[in-house]
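Subject: The structure we talked about

Hi there,

Here is the structure I promised to send over. Please open it alongside this message, and then read on for what turned up.

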Amino acid sequence: MTSPKSDIPGPKAWPIFGNILLVSQFNRATDRKKFVEKLTAKYGPIFRMFLGPYQIVLVQGHKHVLDVIRKRGHDFLDRPDFIPGIKLARNVVGGSGIVFANGDEWKGRRKFALQAMRDFGVGKTSLEEKVLEEMQNIAEDLEKTKGAEITDVKTMMLKASCNIIHSLIFGYRYKHDNESLHKLIKTMDEIFSGPGPLTASGIFPILNVLTKDSVRVRVEGFTTLKKYIDEHISEHRESFDPKNIRDFIDMYLEAEKDENERTSSLNPGGLFSTITDLFAAGTDTIATTLDWSLLFMIQYPDIQKRCQEEITKVIGAGRMVRISDRRRLLHTEATIMEIQRLSNIALFTLPHVSVCDTTINGYKIPKNTIIIPSLVSVHLDETIWTDPTEFNPGRFLNNNNEIINKEYLMPFALGPRSCPGESLARTELFLIFSNLLQRFEFSKVDSSDILSFEGITGITQAPSPYRLKADLR
Ligand code: HEM
């Protein structure tokens, strides 16, 4: 039995198992950034590991990341749907959604989701009203704290981000104290907070027997979620009126009538898995970014004040900030950009796969190699940014206060697999962040509190626990 071969630098790989322990450690590391830094110091910015027979190549630095995701994005278009753990998840869910789909299924569902977001959301007053309603609820939750210590910003934000997706998909929202909303958030967390499919149990699913409890919790979570979604689909089928398309499900039911669409991508399994993907990708990401935002604001009160002064000058206190104000709130916009650059809630893109034999920086990359482009390596690349670890929103503004330097800011990735929720996410982040600063002054509970900006790797890269207080301005 021989070891797997590759001309890309990387640790010694064993027959059959490759570097299975190392890859599992990578996926389970709570500080994945540091984990990768250690390997980079040894093997350089492009290195490989083997998960059993599958080669995984980590790609770092702006030049190579851009090459892989944008310039030659179509050579690295697929997801690793050949990994047994991903196949298994697809069978449990009954379809592959968008995130882990390939080929026509992926194309059809991604196109459909983008269209649905355009029809029901982005750029529409209806979405703006939905986000502002959630913002109003967050403000009420904050007001109730009456300036006392707050330790769980994320849960507060999750209620809002989950409600926005819920409303786009199912047509209605919950009050923030509603039990069903809390249950839905908890179920999502149970399903998605594990280490993902690129682990030992992802290629040898039999190992799941050893981690029975976490698998049971996940399967129970999926069953609960499936029941919830199925009930909504049945209700929608009964009350469906083609003249009044209310939400994402109605749109899907309309498209599903077309035989060609149904046989390719828009089948019932596809509907369930696509809804699951949109919740999974669109809830935690927004809440975590908002969590980081407030952490940065209490660490940098001068920058918070700069945004507040801008908001007061341009809008005043008499009305809420609207999306049409964005072009006039450039300091606030630059601050959000800098928060995204430094928080790196997605350290890496999702795994890509080479669809043909190709190369990266002269290294041979055979077809079906798993590629992990590092977004954090671009956001902290010293050849692009001056003092990359410094929090400085001014780097995104020129002397005329115009936005600059955005081409290397890529929290949503770039290219054909980039985040289809980017416009929705940017709308949510801008409206919630600016309206929060308009109303509240955020500060440390005790001025001697020392805050950590290292982050903890989970579904996304989240801030370490911190406390803050919110006072009405
Ligand atoms: C701050 C918020 C968000 C960030 C930073 C973010 C970031 C990302 C990143 C880095 C990817 C991987 C791209 C790649 O593999 O090359 C991705 C994929 C994806 N995102 Fe987002 N995202 C956010 C919010 C959302 C929202 C609100 C939605 C939808 C409602 C969404 C839906 C998706 C989907 C469906 C994919 C998979 C795309 C595909 O495979 O074609 N995301 N996102």
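This is a predicted model: local features need pLDDT of at least 70, side-chain atom pairs count only at pLDDT 80 or more; totals for chains, interfaces and linings use all residues.

**The whole protein**

The protein has 17 helices and 10 strands. Its radius of gyration is 22 Å, close to the 23 Å that the globule rule gives for 473 residues, so the protein is as compact as a globular protein of that length.

Of the 473 residues, 52% are buried. The accessible surface comes to about 21500 Å², and carbon and sulfur atoms account for 54% of that surface. As for contacts between residues at least 6 apart in sequence, 73% of them join residues at least 24 apart.

**Around the ligand**

I expect you will want to zoom in here. Which residues come nearest to the ligand? Out of the 27 residues around the ligand, these are Trp106, Arg110, His352, Arg417 and Cys419.

Two of these names come back when you look at oxygen atoms of the ligand: a polar side-chain atom of His352 lies 2.7 Å from one, and a polar side-chain atom of Arg110 lies 2.8 Å from one. Leu350 takes part through its backbone, with an N or O atom 3.2 Å from an oxygen atom of the ligand.

As for where the shell comes from, the elements that give two or more residues to it are α5 (103-120), α13 (268-299) and α17 (422-439). The largest share, five residues, comes from α13. By residue type, the shell around the ligand divides into 17 nonpolar, seven polar and three charged residues.

Asp250 sits in helix α11 (residues 248-256). Is Asp250 buried or exposed? With a relative accessible area of 0%, Asp250 is buried. The side chain of Asp250 is joined to that of Arg246 by a polar contact of 2.6 Å. Not counting residues up to four places away in sequence, Asp250 also touches His236, Phe240, Asn244 and Ile245.

Asp449 belongs to the loop between β7 (440-443) and β8 (456-457). Although Asp449 lies in a loop, Asp449 counts as buried because its relative accessible area is 14%, under the 20% cut-off. Here the side-chain partner is Arg467, with a polar contact of 3.0 Å. Leaving aside neighbours within four places in sequence, Asp449 is in contact with Lys444 and Arg467.

**A residue at the surface**

Finally, have a look at Ala41, which lies in helix α2 (residues 32-43). Ala41 has a relative accessible area of 70%, so it is exposed, the cut-off being over 50%. How far is the C-alpha atom of Ala41 from that of Asp152? The two residues are 111 residues apart along the chain, and their C-alpha atoms are separated by 36 Å.

Happy viewing, and best wishes

Key: Residues are numbered from 1 along each chain as its sequence is written. Side-chain values use heavy atoms; hydrogens and water are left out. A residue is near a molecule or strand if one of its heavy atoms lies within 4 Å of it. A polar contact is a pair of N or O atoms within 3.5 Å; within protein, one must be able to donate a hydrogen and the other to accept it, and residues adjacent in sequence count only if both atoms are side-chain atoms. Helices (H or I, at least four residues) and strands (E, at least two) are DSSP runs, numbered from the N terminus. Ala, Val, Leu, Ile, Met, Phe, Trp, Tyr, Cys and Pro count as nonpolar, Asp, Glu, Lys and Arg as charged, and the others, Gly among them, as polar. The radius of gyration is taken over C-alpha atoms; the globule rule is 2.2 Å times the number of residues to the power 0.38. Buried means under 20% relative accessible area, exposed over 50%, partly exposed in between (1.4 Å probe, protein chains only). Contact means heavy atoms within 4.5 Å. Accessible areas come from the Shrake-Rupley method with a 1.4 Å probe; for residues, only the protein chains shown count as cover.
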